[in-house]
Amino acid sequence: MPHRALAEAVKLGGPEVLTVVDAPEPQPLPTEVLVRVAAIGLNPLEARLRAGEFPLIGRPPFILGWDISGVVERAPQTWRFRPGDEVFGMPLFPRAASAYAEFVSAPALHLAPKPASLSHVEASALPVVGLTAWQGLVDLGGVTEGDRVLVHGGGGGVGHVAIQIAKAFGAHVITTVSASKRKFVEDFGADEVIDYTAVDFTEAVRDIDLVLDTIGGDTVERSLEVLRPGGHLVTAVAEDDPELAARYEAAGMRFSGVAVDPDPVALRGLVDLVEQDKLRVHVQETFPFDRIADAHRLLDAGHLQGKLVLTL
């Protein structure tokens with residue numbers, strides 16, 4: 001049986017628990033394709049799972065990862081793709097996709113044709129953050145032209161993509177970042193930038209239609225102060241908080257949490273924006289696959305601009 005290289009977390013702990021090993025190549029089921037992976041996007045969630053903060057995909061050993069871009073190797077029982085097609089996506093989330101690997105078997109419906117204007121590195125960085133931002137702003141938030149949108153954490157992976165999506169829908173976008181990321185978010189279209197280290201955002205803005213939160217903590221609760229009557233907060237990090245939701249509702253506001261899923265309609269929406277030159281993803285650094293532990297050390301450090309990517 002053919003083999004593939006994969007990075008397995010042999011136990012819970014620091015980046016050193018990630019070990020590159022050989023394993024049998026996965027066999028695609030009907031409606032699935034086998035993808036030869038060219039690049040893998042990394043996400044902070046994966047570092048938290050590796051460290052054992054919560055058991056989303058069970059106990060180790062396990063294989064992390066969801067964001068992939070690559071080439072279809074086999075498509076035995078699906079009409080959606082053929083061998084040689086370039087594809088990208090976020091298959092199976094929140095179930096294990098085992099994407100830290102040379103080959104990944106994935107539902108064809110969870111993938112989309114890779115835009116020609118994106119490299120595999122760029123395409124692999126987009127699905128998790130892009131789908132989170134799209135589902136939060138468009139599907140849940142209903143962002144529309146003229147809305148005043150506040151994005152907390154605009155310099156991060158979800159944040160810098162959210163700025164662009166909101167702008168593409170005609171919103172006026174305000175974001176909170178540290179001073180060092182001001183130019184970064186302005187380059188992605190932010191209309192106003194608040195340095196959260198120097199200014200209290202609750203004193204700097206008012207009459208916000210929609211808040212997208214990527215930070216959590218008291219930022220979620222304090223955002224109540226800046227929303228217009230009937231305004232809406234969507235959070236990507238505190239989605240299950242009935243008490244906070246009740247507080248928003250009592251104040252005449254809406255509170256939603258977004259738990260991202262591999263929605264093919266939203267994925268095509270992202271592709272459309274890319275092809276219209278309205279969306280791009282920033283990759284801070286790439287790492288060869290055998291340096292996955294080094295990549296996770298940088299992931300652990302936080303305060304990234306955009307995304308980190310593994311290449312094969």
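Modeller: A polar contact is a pair of N or O atoms within 3.5 Å; within protein, one must be able to donate a hydrogen and the other to accept it, and residues adjacent in sequence count only if both atoms are side-chain atoms. The model is predicted: local features need pLDDT of at least 70, side-chain atom pairs count only at pLDDT 80 or more, and totals for chains, interfaces and linings use all residues. Residues are numbered from 1 along each chain as its sequence is written, and side-chain values use heavy atoms, without hydrogens or water.

Threonine 202 and aspartate 200 make such a contact between their side chains, at 2.8 Å. Threonine 202 sits in helix H6, residues 201-204 (a DSSP run of H or I, at least four residues, numbered from the N terminus). Threonine 202 counts as buried because its relative accessibility is 6% (the cut-off is under 20%, with a 1.4 Å probe and protein chains only). Beyond four places in sequence, threonine 202 touches Arg222, Glu225 and Val226 (heavy atoms within 4.5 Å).

Now the packing. The largest nonpolar core has 87 residues (buried Ala, Val, Leu, Ile, Met, Phe, Trp, Tyr and Cys, joined through side-chain atoms within 4.5 Å). Tyr100, Leu126, Leu137 and Ile165 touch the most other members. Helix H3, residues 127-140, gives this core its largest share, seven residues. Another core, of 16 residues, lies apart from it, with Phe201 among its members.

Tyrosine 100 also meets Glu46 and His296, among others. Glutamate 46 lies in helix H1, residues 44-51. Its contacts include Trp66 and His296.

Methods:
Helices (H or I, at least four residues) and strands (E, at least two) are DSSP runs, numbered from the N terminus. Buried means under 20% relative accessible area, exposed over 50%, partly exposed in between (1.4 Å probe, protein chains only).
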